[in-house]
Amino acid sequence: MTSRITYIEMCCNLLESCGRFLFRHPDSHQRTKAYLEQMMRKKSVTALDSRYVTMIENAYYHVNPPELAPYVKKERPPMHEFIRKILYQDLTKPNTDKVLRLMRKLEWDNEELASYAVKCLTFAFNVKYYNIRCLANLVAGLVTYQECVGTQVVDGVMEDIRLGMEINLAKHNQRRVAMVKYLGELYNYRMVESGDVFKVRLIVY
């Protein structure tokens, strides 16, 4: 049994170090492919500890990873792309006033466009972390002209934090941190009541 375990560890280490090269090289491709197939067959008919099953599968998929579907860029209307660009790419501390003027010029009477703008203003995790304060500043300035925006953004932020804590997926950790940071910045700009902040604190802790 010990020799079998040693053999498994040696094979997996070999595959992880040079298996991908051997698999893709024309001279060794067929032989490596046959070896991988044989290894997976033996894994399925042999009673092994789960640790070694995982080790074998990791080595196999390291050498021969599954094909990924090609990335398809999401098609958005031009105005949606414009809003995303000025908020997620152009917004910085020096040009916050310029972006605010552009946001004020949007057709806020158009419900679909206004809803998308609020959605983009809510999703602070799409902004670079050090620009989250700029986004909160932008929302505070926009409320002077569009009062409903502030309430909708705050409600969206608090709901996103609540859902993030309930689902609690590791891949959303940065998103949760960004949204909590955003809530704090909105509080600094007096967009959020202190009672709401304490409610979120109870959810987080």
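I began with the terms: helices (H or I, at least four residues) and strands (E, at least two) are DSSP runs, numbered from the N terminus. The model is predicted, so local features need pLDDT of at least 70, side-chain atom pairs count only at pLDDT 80 or more, and totals for chains, interfaces and linings use all residues. Residues are numbered from 1 along each chain as its sequence is written, and side-chain values use heavy atoms, with hydrogens and water left out.

**Fold.** I looked up the secondary structure and found 10 helices and 0 strands. The chain is more spread out than a compact globule, because its radius of gyration is 26 Å, well over the 17 Å that the globule rule gives for 205 residues. That radius is taken over C-alpha atoms, and the rule is 2.2 Å times the number of residues to the power 0.38. I then noted the span of the C-alpha trace along its principal axes: about 75 × 40 × 30 Å.

**Inside.** I checked burial next. Of the 205 residues, 35% count as buried, meaning under 20% relative accessible area with a 1.4 Å probe, protein chains only. For contacts (heavy atoms within 4.5 Å), I took those with a separation of 6 or more; residues 24 or more positions apart account for 68% of them.

**Surface.** The chain exposes about 13900 Å², and carbon and sulfur atoms supply 53% of it. These areas come from the Shrake-Rupley method with a 1.4 Å probe.

**Record.** I found "domain: MIF4G" in the UniProt annotation (unreviewed entry), covering residues 89-200. Such annotations may be inferred rather than shown by experiment. The span 89-200 is 71% helix and 0% strand, and its end C-alpha atoms lie 29 Å apart.

Terms used:
Buried means under 20% relative accessible area, exposed over 50%, partly exposed in between (1.4 Å probe, protein chains only).
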